[in-house]
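Subject: Structure handover

Hello,

Here is the structure I said I would pass on. Please look it over before reading the notes under it.

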Amino acid sequence: MVMKGSYSPDTYQMTVESTGSGQKGPMAGMSIKMTMDARRTGECTGDENK
């Protein structure tokens, strides 16, 4: 698994890559790549779930 990215107090970015090897059956040769981007949206008010 390889994880790369950057982080700051207001944003973060991460890319994750994984490749399966040594397996047999339907999971053989499986690969996954995922990218996440996030940003701060503001202060919590305590009313988010109301």
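Predicted model: local features only at pLDDT ≥ 70, side-chain atom pairs only at ≥ 80, totals over all residues.

Residues are numbered from 1 along each chain as its sequence is written, and side-chain values use heavy atoms, with hydrogens and water left out.

Strands are DSSP runs of E with at least two residues, numbered from the N terminus, and two of them pair if DSSP finds at least two bridges between them. Strand β1 (residues 2–7) runs antiparallel to β2, with six bridges, and the two form a hairpin with three residues between them. β2 is also antiparallel to strand β3 (residues 31–39), through nine bridges. Q13 has D37 in β3 as its bridge partner.

T15 lies in β2 (residues 11–19), opposite K4. Beyond neighbours within four places in sequence, T15 has contacts (heavy atoms within 4.5 Å) with V2, M3, K4, K33, M34 and T35.

R40 is in the segment after β3. With 43% relative accessibility, R40 is partly exposed, a class that lies between buried and exposed (over 50%). Apart from residues up to four places away in sequence, R40 touches P9 and D10. The C-alpha atoms of R40 and V2 are 25 Å apart, with the two residues 38 apart along the chain.

Regards

How values were computed:
Helix = DSSP H or I, 4+ residues; strand = E, 2+ residues; numbered from the N terminus. Buried < 20%, exposed > 50% of the residue type's maximum accessible area, 1.4 Å probe, protein only.
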